[in-house]
Amino acid sequence: MTAWEPPDRPRSRLAYCCPEKMAEDREPPPLADAVQTDFREVEEGEDLFVSTVSTAEQLSPTSPEPASFPAEDISTNSNGPKQEILLDDDQEDLFAEATEEVSLDSPEREPILSDGPSPAITPVTPTVIITPRVDALFDRSLDEDEEAEENGDTFDMQITVSDPEKVGDGMNAYMAYKVTTKTSLSLFSRNEFSVKRRFSDFLGLHSKLASKYMHIGYIVPPAPEKSIVGMTKVKVGKEDLSSAEFVEKRRSALERYLMRTVNHPALVKDPDVIQFLENTELPRAVSTQALSGAGILRMVNKAADAVNKMTIKMNESDAWFEEKQQQFENLDIQLRKLHASVESLVCHRKELSVNTASFAKSAAMLGNSEDHTALSRALSQLAEVEEKIDQLHHEQAYADFYLFSELLGDYVRLITAVKGVFDQRMKTWSKWQDAQVMLQRKREAEAKLQYANKPDKLQQAKDEIKEEIEEWEAKVQQGERDFEQISKNIRREVERFEKQRVKDFKVVIIKYLESLVHTQQQLIKYWEAFLPEAKAIA
Amino acid sequence: MIKLIVQLSSPSLLRSVSVDLNNDSSLLIDIPDALCERDKVKFTVHTKTTLNSFQKPDFSVSRQHEDFIWLHDTLVETEEYAGLIIPPAPPKPDFESPREKMHKLGEGEATMTKEEYTKMKQELEAEYLAVFKKTVQVHEIFLQRLSSHPNLSKDRNFQIFLEYDQDLSVRRKNAKEMFGGFFKNMVKSADEVLISGIKDVDEFFEQEKTFLLDYFSKIKDSTAKAEKMTRSHKNVADDYIHISATLNSIAADDNTALKQHLEKFAELLEKLRKVEGRVASDQELKLTELLRYYMRDIQAAKDLLYRRARALADYENSNKALDKARLKSKDVAQAEENQKQCLLKFDKLSESGKKELTSFKGRRVVAFRKNLIEMAELEIKHAKQCVILHSTCIDLMDSSFIFAVVQVRGRR
């Protein structure tokens, strides 16, 4: 057990702010497995305050602006009643120290807290956050930057997927993506390197990881989905907007996929992952094709799994699992619904953009036709304003999509993976139970032999049975161990997943809000520029 | 169906569409309320007057849309007013859009939460009300245009319309009239060809003709595009309702640090959709309605040009007839008289037409100016409100997150 102190001692909160203490508490992730397990044994409610996670997380249940932050809000953040009271009492002290720790300017990717006390932060007003967007396409690296940064530990890895290039012609053509990795982890031979990969390579990687890790309870991030329609357009060589958008959507999805994969402490060490990122040549993953032998096998297995799921009736002794499964079921339904609504929003906003553009053109023509000079000028100005506004809507639709909609889509798929892992646990339990049943049968057979009437064959049979019993006893033990192991793993994985989910959503929500604010501010600018023109109509 | 009674106490918003109305206190008309029963809308037309031509100084009658159409058509057919721009007839009350939405809402009820459904229903009721208000105002404007016109306000039929306390029981257009209407439209298209083909001797009218023909097609296009734009805006606002509701459901089940974010976000979207809805309806009133109204007004101006062109044709024909009569020395006096009348009529039309068209231009420019200014001001106001809502929301959310975000920005 590491130096974790129970949260009901006020001092422990201040301990977070003390750099030396932090260095002690923190452990680098590669060794984290053993440590993390211990952490996870601790009460669930306290996980939020575990030091291996980012500073921001730790400070998150509390606001650095105690004056404006009502007490009720704090309670909704923390996981247990004890923390609430604690935070209320310690607000003043806590914040004074906290503000010192978080450095706004530190460019290193080192854990924030391991620095010495940084210069005090100037109070942040909302206007500071609102900076004009640098490019229309949302800065994709932002997500990954923050994740890497806020992991706090020495997890330092950034992957970018870029430069989609069409290779080949006709139906055999494919898109090759450049995968660039920047890292200081010792797992890799160099600090910066890039390779060319195609979509099926990514699918191949996922397939390997899934077969290796799903059955022991690791949540393997799902790969982006195939799209026959999208790819055919690209292959055929349609150089239009929709194929460009498709490629961009896929590129972004592949990047997020890789970042999620390497963010997993076990997966990043996997030789397949390392090979994927480093090796120039990769054997072609044909087994990912739907109609290949492996593909068909996959479909058969999926069907078998579905049947099994219906027939296995597990005696759930652990309420945690039951609760979590129900929770994920609900979340799945809600996220799908939300995703559908957001997709509808994207669609409507795109429509709005198109309709605004067409109105702008029409207004321009009207302005040309108008014979009153001042009104004509004003109408032309209106047309210009509307044109700019249509651009704005277009950009906003982009943000709607890449920030909000894609995140939801990713999480719908991730939750499917989580549910898969719970199913694996059920399978493991089932295997264990089956082994127990077999053992029981063997024992009964042994007992029967005792009363058998064939003395000559008896000894041989007895030995055989004894062997089998030993075999099955071992299997039962292994089954039990496997079940316990997978249960433990799942607990840990779910904690990690939940934390990541909270982080991801928080980041996205704020970024999305910023995009909305930016749009509104631009609107103000445009209309304020137009107003004098309208007033100038004599 | 819904029985809606609308009280319109505030000055009509659409009045900005055509300013300088109801200035003359000798005849003040307004529509203080209306009743919507099934598909029929019954307007209460209220008149206050100091003129002796009316029996009472203050009175109200109930009128239906068809009555307005009858009045308009009667005025158009009155020979005396051929040289005037007759104010365009108000369009028929159209509740198709909200009705369709209500239908869809009923179908989709099962998939929504109770909260969502209630909100959508509220939106729908608001839209219904908006359509209703619009139609009332458009009918009011029509009457006010008439009352403020020096000639038209004295029209006998107009007086009957205002005063007659019984049901006007306008005969439905019987077959003959329907056919007559159809014939009229055909004549109209012939007129279009007539006036677009011939170059007018009079410079003023030639310019006006060219301008109006071109402008009409442009403004018709703009009206349609503006309508589509407004509808998209409303769709976006509706989407916010669904998203907000689902976020609330997720927040309710959530017990992580995310809960607060989700709730605040949901709340913000709920407020935003109201603002977006207002933006859409303001845009509709100030822009789409403006364009639509002037499209119809320009049509009325075009009609004036047609009538003048026909009068010109009549005059030319009478000239030819006179020449023929002089040749044959038969009915010369009659032909001379006819020719004199045609010329008189044509001159009168040209004179009043010029006046009308000039004042029309002035009216149009003033109305556009007012509406464009108001629209820009409203857009600014709404956008500013949005910014405040957003900022408050970001504030209320995890402020410590702002540190993280600013940090990232610093590195960019």
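In chain A, 75% of the contacts (heavy atoms within 4.5 Å) between residues at least 6 apart in sequence join residues at least 24 apart. The model is predicted: local features need pLDDT of at least 70 and side-chain atom pairs count only at pLDDT 80 or more, while totals for chains, interfaces and linings use all residues. Residues are numbered from 1 along each chain as its sequence is written, chains are lettered from A, and side-chain values use heavy atoms, without hydrogens and water.

The pLDDT, the predictor's confidence in each residue from 0 to 100, averages 73 in chain A, and 69% of the residues score at least 70. Over residues 1–153 of chain A the pLDDT is below 50, although this stretch has 255 contacts in the model beyond near neighbours in sequence. Where pLDDT is low, the predicted coordinates should not be read in detail.

Chain A has 16 helices and three strands, taken as DSSP runs (helices H or I, at least four residues; strands E, at least two) and numbered from the N terminus.

Of the 538 residues of chain A, 54% count as buried; buried means under 20% relative accessible area, exposed over 50% and partly exposed in between (1.4 Å probe, protein chains only). Val300(A), in helix 13 (residues 293–311) of chain A, is partly exposed because its relative accessible area is 48%. In chain B, Cys36(B) counts as buried because its relative accessibility is 1%, and Cys342(B) because its value is 15%.

Over all chains there are zero disulfides, a disulfide being a pair of cysteine sulfur atoms within 2.5 Å.
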